[in-house]
Structures are given as structure tokens and as C-alpha cells.
Amino acid sequence: MVELSFASEAEFPRQRFDAKAPKWMANVANIEVPAIKYEQGRARHYIEYCSGTLLKSAKTSQPRFMISAWHCVEHYQDLSRDLTVYFPHSQSRHKAYRARLVDSGGSISSDWALLKLSDSPSSAHLAGLTLMTTDKNQPATAAGFALALPNGRQHLSFDDSCEANGENEWTRCTTSKGASGGPIVQIHQSMAGIVGVISQGDSQAFTISFPSARLPQRWRGAFGAKLL
């Protein structure tokens, strides 16, 4: 995530996941990406921490695909190493799932990535979320695993006051590093759907997402049965 500043915990107005949080949030995962950057001719190995969301399939009740952000996997070069995925707020919260990269937008202007899990989560609460287009007249929730907060990789945080400002910009919407790849969610007819993927922000009140409606048709058709 590109950030203009970094909020302290006291300044960070996100809510934390608890028993009263919406059940759809169990489908949001934290992702660990084995990355390599070359600096002054030397390879630096590190872990990129991001978020992602399990996608509901139109063809099977056992979802295995996830959506995240391209910039999270930009430096994922060693394909012999799998990505690691956790669902901290599901019944299988202690299980580490393996994932591989299936497709991506390939640039920050098309900041999406599709991952496939090695096996389908067994928890009944992990049915996945469908894709939707943004309703600019409705509030939205941005969710992810923010590194700015204590235990931010284990406890989901979210901001449910996001307001659409165009196709991919959100005001009153606080996100930060670690939440990249997480969902922007709206509710339509009591169903939660992903309207965007968190891409960039200022860690204060402005967030840029990649709109679900701009995903390639092959993926919108597979996971977007509820596109408005």
C-alpha cells in the first residue's frame, strides 16, 4: 500500500473484530508472501504481509479462490515457495493454508491478484463473498489486518464509515499497511459483496481501491453472480 503518512494507534479509528462483528468478516484472511527485492545487485528476501478475501464460487460450495492486490505479489518471484494464508476468525484459525498465484492485473493501476488455495477451508462460516459493483449511495466497510495495531496480524480491523467518491476512491475510510488486498464490502439485499480491493491510502481517511466491476470478465463470471 502506498501511504502518505502513518497513523499511530491512538489516531487510528478502526474497529477491531469481536463477537458482534458481521459474520462475513471470517472470510477475510491474512496473507504472507515470500518476496525478493534486488538492491545494489543483491537479493533481499523478506515476507510481504497483506490481506485477502475468500471468493464465493458460482459452481461449487467448496471455495478455493481468493482475491488480493497485485502489489502484494509484485516481488513474489520464487514460485517454488507457496504463499501462506490464515483465517484468524474462523473455526480453522490455526490452520496455515498454502496458496499459489493464478492471475493478476500486473500493475498498480490494475491492482488485483487471484490466488488459489491448496484445499478448501473446512469451516462452515467460510463460504466466501461474491463480487458486486459499487452502489455510490450506500456506505461501505474496509477490512484488513493492519500492521499499525497491536496484534494486527491476528485480529482483523475495519472501518464501516467509508463513503464512495467516484469509482475507486473512498473518503472517511481508514486503511493502512497490511490491509492491502483486503475487501471493500457493501450490503445488498442482506448479502455482503466485495465492491473493491484495497490498494492505496493515507492511513487517515482516504483509500483507493481496485473496483470489482473492472476485473476481467472471466473472473467476474466465476465469482460475480450478484453483480448489480
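Which residues have the most contacts inside the largest nonpolar core? They are Trp 24 and Leu 55, in a core of 25 residues. A nonpolar core here is a set of buried Ala, Val, Leu, Ile, Met, Phe, Trp, Tyr and Cys residues joined through side-chain atoms within 4.5 Å. Buried means under 20% relative accessible area (1.4 Å probe, protein chains only).

This is a predicted model, in which local features need pLDDT of at least 70 and side-chain atom pairs count only at pLDDT 80 or more, while totals for chains, interfaces and linings use all residues. Residues are numbered from 1 along each chain as its sequence is written, and side-chain values use heavy atoms, without hydrogens and water.

The protein chain contains two helices and 14 strands, taken as DSSP runs (helices H or I, at least four residues; strands E, at least two) and numbered from the N terminus. Of its 228 residues, 50% count as buried.

| Core | Size | Residues, among them |
|---|---|---|
| Largest core | 25 residues | Trp 24, Leu 55 |
| Second core | 17 residues | Val 73, Tyr 97, Ala 113, Leu 126 |

In the largest core, β13 (191–201) and α2 (217–223) are the elements that give two or more residues. The largest share, three residues, comes from β13.

Leaving aside residues up to four places away in sequence, Trp 24 touches Leu 129, Thr 141, Ala 143, Pro 183, Val 185, Ile 187 and Ala 192. Contact means heavy atoms within 4.5 Å. Among contacts in the protein chain with a separation of 6 or more, 67% join residues 24 or more positions apart.
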